[in-house]
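Dear colleague,

I am passing on the structure below, and I would be glad if you could look through it alongside my notes.

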Amino acid sequence: MNAISTVTRIIAIVGAAAAVYFYFDLGNQLEETEQQLSQTRQQLTQTENQLSGTQAERDELEERVEGMTADLEEARNRISIEEARAEELEAELAEVS
């Protein structure tokens with residue numbers, strides 16, 4: 001009976017030691033995972049900041065393109081008016097000649 005009791009105690013001690021080892025190993029894994037999560041959050045924040053900056057730049061460029069498009073349309077209208085005026089003047093010149 002003494003041998004069985006001793007073997008049982010040894011098994012219990014080995015089991016307890018294994019449990020403690022796995023507990024600390026899980027703790028280390030948890031700590032590493034938390035560090036990775038923290039790094040990922042920082043990267044996400046940086047990416048979000050870059051995205052906000054890029055979106056602001058895009059919006060600014062879109063406004064500039066809209067302004068340039070309006071300027072181009074205005075210039076085309078002025079050219080059309082000037083072309084019509086030139087045709088009128090040519091017609092008047094032809095009448096006088």
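What follows is a short account of the charged side chains.

This is a predicted model, in which local features need pLDDT of at least 70 and side-chain atom pairs count only at pLDDT 80 or more, while totals for chains, interfaces and linings use all residues. Residues are numbered from 1 along each chain as its sequence is written, and side-chain values use heavy atoms, with hydrogens and water left out.

I begin with the salt bridges. Side chains of opposite charge can pair when their charged atoms come close. A salt bridge here is a side-chain nitrogen of Lys or Arg within 4 Å of a carboxyl oxygen of Asp or Glu, and by this rule the count comes to four.

One of these joins Arg78 to Glu74, with the closest N and O atoms 3.9 Å apart. Both residues lie in helix H1, four residues apart, or about one turn of the helix, where helices are DSSP runs (H or I, at least four residues) numbered from the N terminus. Arg78 is partly exposed, with a relative accessible area of 49%, and Glu74 is likewise partly exposed at 45%; the term covers values between buried (under 20%) and exposed (over 50%), with a 1.4 Å probe and protein chains only.

Salt bridges that share partners also join Arg58, Asp59 and Glu62 into one network. Glu62 and Arg58 are four residues apart in helix H1, and so are separated by about one helical turn. Arg58 is partly exposed at 44%, as are Asp59 at 34% and Glu62 at 42%.

The other finding concerns charge on the surface, where Glu57, Glu60, Glu63 and Glu66 gather in a patch of negative charge. Such patches are made of residues with over 30% relative accessible area and no salt bridge, like charges being joined within 9 Å; Asp and Glu count as negative, and the place of a Glu charge is taken as CD. The areas come from the Shrake-Rupley method with a 1.4 Å probe. Glu57 lies in helix H1, which spans residues 2-96, and is exposed, with a relative accessible area of 54%.

Note on methods
Patch = residues over 30% accessible without salt bridge, like charges linked within 9 Å, V, L, I, M, F, W, Y side chains within 5 Å. Helix = DSSP H or I, 4+ residues; strand = E, 2+ residues; numbered from the N terminus.
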